[in-house]
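Work through the exercises below with the sequence and the model side by side. Each task is followed by its solution.

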Amino acid sequence: MTTLASDTEDETAAARETSWVTTWWPRLRPLLLAVTFPAVLLAIWHFATVGRPGSLIPPPADVWLELQDLAIGGINDDAYSRTLHIHLLASVGRVYGGFALALMVACRWEC
């Protein structure tokens, strides 16, 4: 009788473990991917660019420092401090201007 009760307890414990995995893993997996993938890309970017002073692509720490200077200023005392909104508007204008131009060309040839 002890064996039968022990088997039932083992099956119950296995069922509880299986239900936990089947319940939480589908919810946890996208969150882990959403955190892990950008972290891995950031680490690759960091290790590929750190220690190269003349590199075309700066390390992420330098990009973050310049972004802070453009947004709030006070890091570099230069003419570009606190001008992030101006640069963002210029970039958005170029993107949407190019899209509008492409749309006009596409409509001209297809319409």
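Helices (H or I, at least four residues) and strands (E, at least two) are DSSP runs, numbered from the N terminus. This is a predicted model, in which local features need pLDDT of at least 70, side-chain atom pairs count only at pLDDT 80 or more, and totals for chains, interfaces and linings use all residues. Residues are numbered from 1 along each chain as its sequence is written, and side-chain values use heavy atoms, with hydrogens and water left out.

**Exercise 1.** State the secondary structure of the chain and the order of its elements.

Solution. Step 1: the chain has three helices and zero strands. Step 2: from the N terminus, the order is α-α-α.

**Exercise 2.** Find where confidence is lowest and highest in the chain.

Solution. Step 1: pLDDT is the predictor's confidence in each residue, from 0 to 100. Step 2: the chain average is 84, and 80% of the residues score at least 70. Step 3: the lowest mean, 78, belongs to H1, and the highest, 93, to H3.

**Exercise 3.** Decide whether Ser81 counts as buried or exposed, and describe its surroundings.

Solution. Step 1: Ser81 sits in the loop between helix H2 (60-72) and helix H3 (84-110). Step 2: buried means under 20% relative accessible area, exposed over 50%, and partly exposed in between (1.4 Å probe, protein chains only). Step 3: Ser81 has 19% relative accessibility, so Ser81 counts as buried. Step 4: contact means heavy atoms within 4.5 Å. Leaving aside neighbours within four places in sequence, Ser81 is in contact with Asp69, Leu70, Gly73, Gly74 and Asn76.
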